[in-house]
Amino acid sequence: MEPDLLVRLILLLPLAGAVFNGVLPLFMPGLRRRETLLGSVGTAVVALPFVLAVYLFVTYGGEPVVTTFFTWMAAGDLSVSFAYRIDELSLLMTLIVTGVGGLIHLYSIGYMHGDPGFWRFFAYLNLFIFMMLNLVLGDNLPVLFLGWEGVGLCSYLLIGFWYTDLKNSAAANKAFIMNRVGDFAFLLAMFILFRELGSLDFDVILSEGPGMSQAAVNWVVLLLFFGATGKSAQIPLYTWLPDAMAGPTPVSALIHAATMVTSGLYLLARLSPLVLSAPGIMALVAVIGATTALVAATIAITQNDIKKVLAYSTVSQLGYMFLASGVGAFFVAIFHVMTHAFFKGCLFLGSGSVIHAMHHVEHEVAHHGKGHLDPQDMRTMGGLKRYMPTTRLTFLLSTLAIAGIPLFSGFFSKDEILFKAFEYGYDGHAYAWFAWGVGVLTAFLTAVYMTRCYVLTFEGRPRWPLAETVHPHESPWMMTVPLWVLGFLSVVGGFLGLPGVIAHGELNWIHHWLAGEHGPVAEAAVHGHVPLALEWGLIGLGALIALVGVGLAWQWYAQHGLAFDARLKERFGRLYRWAAELYHVDDFYRATFVRLVIGGAEKGLAPFDQRVVDGLVNGVARMTRGLGLALRYLQTGLVQAYAVAVVLGVVLIIALMLFGS
Amino acid sequence: MDISWYLALSAVLFTIGVLGVLLRRNAIIILMSVELMLNAVNLTLVAFSQALGDVAGQVLVFFAISVAAAEAAIGLAIVIAIFRGKLTVDVTQINLFKY
């Protein structure tokens with residue numbers, strides 16, 4: 001089959017699905033209740049592109065395939081086409097987006113069952129997949145930016161999906177507005193690139209971009225990175241992601257863990273030769289990534305909402321990926337994007353399954369008049385492993401994967417990141433030592449908070465009221481099948497990137513695929529090679545940290561349960577409280593930017609609107625009215641008066657015809 | 001005979017008609033003045049038709065006469081209807097469309 005046609009199908013199928021699910025039910029209300037039909041169509045239009053992408057992947061010949069639909073903008077020197085590009089990087093991302101996306105669509109059929117907005121939900125999800133494919137397949141920055149904004153829009157729509165609750169709408173607004181801040185920087189970067197190079201195609205940017213003046217390269221990379229911090233939730237623009245958990249859980253899994261939030265990494269990897277020519281900015285990327293990883297991990301330990309733990313964990317893992325980009329190991333960042341999509345997708349879906357079951361418990365408890373409980377609060381869970389064996393097992397597997405237990409997927413990708421940081425430091429880049437140290441500390445924290453999350457949820461005794469009589473149930477097959485698949489992948493996914501100590505890195509498939517001779521992803525050149533024994537030692541250290549972290553946390557929380565949190569609080573007093581209060585970053589933003597904007601709007605813009613704008617509009621109306629009041633006296637009702645006017649008019653016209661020019 | 005005589009007569013008739021409409025108060029006289037204006041125009045039509053050797057002007061006169069007849073009938077009906085209501089045909093007393 002022609003790759004051209006396949007690319008078109010991959011792109012247009014999700015769009016067609018969005019139209020089917022979103023537009024048809026608008027006019028045919030009867031269709032809205034046909035959940036099976038809507039759900040299967042919605043899932044099929046994502047699963048089918050996955051199959052096509054697999055076919056493209058298998059038959060890929062090593063030469064990038066560029067498909068041009070039509071010219072989008074042509075103005076002066078600027079010419080932008082709707083052009084799409086199939087190469088190693090975009091293929092891998094497409095597989096992740098459609099593969100994980102398809103599973104989450106299937107899961108959503110079960111999770112969203114009975115929701116009156118079922119059709120709307122699938123329309124948004126399909127549209128999101130379409131936009132995400134634009135983002136990863138685009139052959140130039142504007143198409144990428146179109147996808148970038150499109151996924152932002154879908155994220156907004158889905159976070160605020162249950163819009164009748166004002167809190168959800170506020171979270172959606174927050175995500176949208178914070179992302180706009182980053183997008184502004186992205187736009188500026190594009191303007192600079194166009195001014196310097198006269199084109200926004202990746203081919204031109206990658207071949208001529210590094211030849212720009214150092215100042216221009218620095219500015220472009222800095223601004224692109226700032227754009228990426230918005231989408232990928234890094235300091236200083238990370239606070240929207242935890243709030244984004246207001247959306248339905250499949251959304252958290254798909255958009256806010258597996259796909260959209262990794263687009264910042266994709267952007268850096270796509271433009272990696274350009275990024276490598278701005279070493280100063282790379283140091284900033286690494287430091288910000290490492291700091292974000294640590295800050296988010298410490299907050300995650302203090303959270304009690306199961307989805308908030310996972311959200312901060314996502315921020316932390318994204319920090320890891322930026323850390324990898326900052327030391328020039330872009331392919332490792334993408335490797336971690338992939339394994340993270342597996343295990344974090346599985347964790348989020350698992351938490352969704354738990355919440356689904358706890359909703360049932362909540363209803364039962366409320367029915368017996370024992371008050372309300374929060375179905376997302378881990379303090380009311382515990383002991384769920386008896387009732388939800390599948391959810392528990394897959395959750396455990398992906399917890400071990402993210403904690404970095406050896407041979408699980410997270411172990412390989414995380415260790416590779418730490419090793420690359422170490423290697424870069426060894427090569428003489430001082431900032432990489434900082435990144436490595438923080439990375440190791442964060443690895444330990446990750447193991448601790450994820451084990452805490454698992455143990456508090458599934459082990460020990462049930463803590464909800466009426467635990468003897470009210471029991472949660474395992475979720476239907478639509479929800480457990482994706483859990484199994486993702487759980488399996490999060491166990492074995494790491495073997496795609498075996499570390500360099502094994503067969504001199506010959507078996508590191510992902511490195512060959514992305515950063516091979518013709519691969520699209522560049523990497524930093526390293527001169528001082530780390531001795532083999534030290535390499536093994538680092539792997540051992542990584543394994544040890546994970547094992548110790550999981551082991552200790554398991555002991556703590558299995559033995560003491562919630563009481564251990566209190567003990568932590570006592571021990572770390574101020575630090576713990578500080579982390580639990582999110583380091584007051586949100587408060588800081590509220591006190592400065594939010595108050596500044598709202599205060600400015602109230603003091604400056606509101607009077608302007610009331611006086612000047614309203615004054616102008618009302619003034620025009622008042623003037624018209626006054627004129628009418630004055631002129632109405634001409635309406636005497638006397639026929640002869642009108643006749644005089646007509647005659648005078650005729651005389652005037654004749655006079656003009658006779659004497660006027 | 002020179003066409004200007006006819007045109008001059010027509011102008012005089014038309015002016016009398018205009019003055020009649022503007023100055024008289026009796027609605028019926030006003031209607032008669034309107035007829036006068038129409039016929040002044042008819043006169044020019046006939047005069048030009050003769051001078052140019054084109055019969056179209058005379059055909060138009062027939063149209064004008066028949067339309068004027070219909071208009072006179074309707075005009076009179078309106079005047080009578082108003083008279084029934086107000087017992088006057090003085091147009092200065094009739095200002096139903098006043099603001």
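Predicted model: local features only at pLDDT ≥ 70, side-chain atom pairs only at ≥ 80, totals over all residues.
1. Which elements give two or more residues to the lining of the largest pocket? In chain A they are α7 (166–197), α10 (240–243), α15 (306–326), α16 (330–367) and α24 (585–631). Among these, α7(A) gives the most, with nine residues.

2. Sorted by class, the largest pocket is lined by 23 nonpolar residues, 14 polar ones and twelve charged ones.

3. Next comes the second largest pocket, whose volume is about 570 Å³. Here 27 residues form the lining, with Phe419(A), Lys420(A), Glu423(A), Gly500(A) and His529(A) lying nearest the centre. Two or more lining residues come from each of α18 (409–426), α21 (509–515) and α22 (532–560) of chain A.

4. How many residues does α18(A) give to the lining of the second largest pocket? It gives five, which is the largest share. By class, the lining of this second largest pocket holds 13 nonpolar, eight polar and six charged residues.

5. Strand β1 (residues 65–75) and strand β2 (residues 78–86) of chain A run antiparallel and are joined by eight bridges. One pairing to find on screen is Thr68(A), whose bridge partner in β2(A) is Ala83(A). As a reminder when you inspect these strands, side chains in a regular strand alternate between the two faces of the sheet.

6. Finally, the interface. Contacts between the chains involve 14 residues of chain B and eleven residues of chain A. Putting chain B and chain A together buries an area of about 940 Å², with carbon and sulfur atoms giving 67% of it.

7. How many salt bridges are there between chain B and chain A? The count is zero. For your notes on this interface, then, the entries are the contacts of 14 residues of chain B with eleven of chain A, the 67% share of buried area from carbon and sulfur atoms, and zero salt bridges.

Key: Residues numbered from 1 in each chain as written. Chains lettered and ligands numbered in written order. Heavy atoms only, no water. Helix = DSSP H or I, 4+ residues; strand = E, 2+ residues; numbered from the N terminus. Nonpolar A, V, L, I, M, F, W, Y, C, P; charged D, E, K, R; others polar. 1 Å grid on protein atoms, 1.4 Å probe; cavity = no way out; pocket = protein on both sides within 12 Å on 5 of 7 lines; lining within 4 Å. Points joined across faces, edges and corners; volume = space filled by probe spheres on them. Pairing = 2+ DSSP bridges. Contact = heavy atoms within 4.5 Å. Buried area = accessible area lost by both parts, 1.4 Å probe. Salt bridge = Lys/Arg side-chain N within 4 Å of Asp/Glu carboxyl O.
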